[in-house]
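Hello,

Here is the structure I promised to pass on to you. Please have a look at it first, and then read my notes below.

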Amino acid sequence: MIKKIKPTLSEKILFVFLILLLIFTLGSFYILNNKCLFVKKIDLDNINYKDKKNIAIMEVECGKVLIELNPNISPKAVNRFKKLINKGSYNGSAFYRVIEDTLIQAGDIEYGNISNLNYSKVGTGKSDLGMIKSELSNSFLFNAGSVAFARKDKFDTEDSEFFITLIDIPIYQGEYTPIGMVIAGMDALRKIKVGNKSTYVLKPDYIKSLKLLVN
Amino acid sequence: MRYIILIFLLFFNFSYVNADAIYNLIKIPNLELHKVDNKNDIKYLVSKKGFVIGDTNNIKCNGVNKNDLDDTFNKVQNNLRDYSSNFLKKINLKFVVLCKNLEISGINTGGIPDNKFRTLILDLKFNQKYFERMIHHEIFHMIDNSYPELFKKNKWRELNNKDFSYAACSTCTDLLGLNLEIINGFLTEYSMSTAEEDMAEIYSLLKTNHKETSQLIKKDKILIKKKNFLVNSLQKIDEKFIF
């Protein structure tokens, strides 16, 4: 006859500990895999817009991002940005270049679309609209959330690529052409995928859509 | 405990991103913003960890600490305040990078101008006897690089005695003396290396030791012509320019 063995107290404690460990592991796995879990969703109806004609809405993996454009500071750049938005050129554009906790860059229309991303050429692509002159401003401070056109090493080479700063970068003041400021959704931008040991990102996050609030 | 430390180090190794916002702008890594001078808009950047740059990694410089900066930063700033923001814009100078033990292809140097990125790299530990002069010497190279049509080397060479010729490059000669003395149309031994260095030497000496240099120049017909050449060319960049 088999004798029933009762677990000792320490065995019971060990069992409970293993269950808790399992719950913790599964919970952590879920949290780590869901990078958007703690990102606040923005409510477009509860935002006071200064000028609805100069609001762009970008949708990324973790939610919506609202950008207020500054045509007073850089009219030609904002005009170019709006043109490309209206053409749908930025939809699918990869954040192929990310400096961790510093800035994210997208907008290579030719080689940087997620549907046919060309890793060897991304960053060198052009729009079919040509380059525009830099519109530099000493009054635009490049605080966190600044949106500006990227350029080559020389000025007057802006085309379609743009970057968004995740922190204040005062040294960029007067160096890059500002387009606007993020007025909501910075948390979603901070979750954009970062590269491993490089500023260039493999399998990058991308812009799901970029539209103007009012056309 | 050892394993926890190992896991910690592994995590940091994978999280490391070799770039920053300043690198984005001037392509020199590991820099921090030290000061923005409101008087002429120069942005002073400091290397604390050192860097290696160049297509063949031939430019190296070590990081500086607080003591290095305390010793020399004011000298750099005061000398660069000789130039207005308007003039600096014309000669493509916006960023000054401060580091120490600067070398290019294994040769120690006081400064490296980079007009493309509007940057001047300065070695804070350069021989302090010539340090301030070196700053203006490198500034001249930035002026020359920005306006080569105003500082034509063939015209400059014609100002020398007919039997004189410069070396093929500034580092392929033993003429390295920096002391002020008149040597048949030259102010230092190093002036005799190349036309570019000759111009930069006269310019920097007139900037930092104006009285004595001017008096020496008055005694030499070639040097008088060289000074006039420089002044005329510089006034085409900035009509108010004077030494």
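**What I found**

In chain A, the C-alpha centres of domain 1 and domain 2 lie 42 Å apart. The bounds of these domains are 7–37 for domain 1 and 44–212 for domain 2 of chain A; such bounds come from an automatic or database domain assignment.

Before going on, a word on how to read all this. This is a predicted model, in which local features need pLDDT of at least 70 and side-chain atom pairs count only at pLDDT 80 or more, while totals for chains, interfaces and linings use all residues. Residues are numbered from 1 along each chain as its sequence is written, with chains lettered from A and ligands numbered from 1 in the order in which they are written.

**Chain A**

Chain A has three helices and eight strands (DSSP runs numbered from the N terminus, with helices being H or I of at least four residues and strands E of at least two). Along the sequence, these elements of chain A follow the pattern α-β-β-α-β-β-β-β-β-α-β. The radius of gyration of chain A is 23 Å, well over the 17 Å that the globule rule gives for 215 residues, so chain A is more spread out than a compact globule. Here the radius is taken over C-alpha atoms, and the globule rule is 2.2 Å times the number of residues to the power 0.38. Taken along the principal axes, the C-alpha atoms of chain A fill a box of roughly 90 × 40 × 30 Å.

**Where the chains meet**

How many residues of chain B are in contact with chain A? There are 14 residues of chain B in contact with 13 residues of chain A, where contact means that the C-beta atoms of two residues, placed from the backbone, lie within 7 Å. On the side of chain B that touches chain A, helix α2 (residues 21–26) of chain B gives the most, with four residues. That side of chain B divides into nine nonpolar, two polar and three charged residues. For these classes, Ala, Val, Leu, Ile, Met, Phe, Trp, Tyr, Cys and Pro count as nonpolar, Asp, Glu, Lys and Arg as charged, and the others, Gly among them, as polar.

**The two domains of chain B**

Chain B is assigned domain 1 (14–144) and domain 2 (147–243), and their C-alpha centres lie 24 Å apart. Contacts join 13 residues of domain 1 of chain B to 16 residues of domain 2 of chain B. On the domain 1 side, α4 (85–90) and α5 of chain B are the elements that give two or more residues, and α5(B) gives the most, with eight residues. By class, the residues on this side of domain 1 of chain B are five nonpolar, three polar and five charged.

Axes are lines fitted to C-alpha atoms, for helices over the stretch in contact, and angles run from 0 to 180 degrees between N-to-C directions. The residues of the contact of α5(B) with α7(B) comprise five nonpolar, five polar and six charged.

Helix α3(B) (residues 66–80) also packs with α5(B), their axes coming within 10 Å and crossing at roughly 45°. B:Lys75, B:Val76, B:Asn79 and B:Leu80 of α3(B) make the contact with B:Phe131, B:Glu132, B:Ile135 and B:His136 of α5(B).

Finally, α7(B) packs with helix α9(B) (residues 221–237) at an angle of about 85°, with their axes 11 Å apart. Helices α7(B) and α9(B) are therefore roughly perpendicular to each other. Here B:Met199, B:Ile202 and B:Tyr203 in α7(B) meet B:Lys226, B:Lys227 and B:Leu230 in α9(B).

Best wishes

Notes: Parallel < 35°, antiparallel > 145°, perpendicular 65-115°, else oblique.
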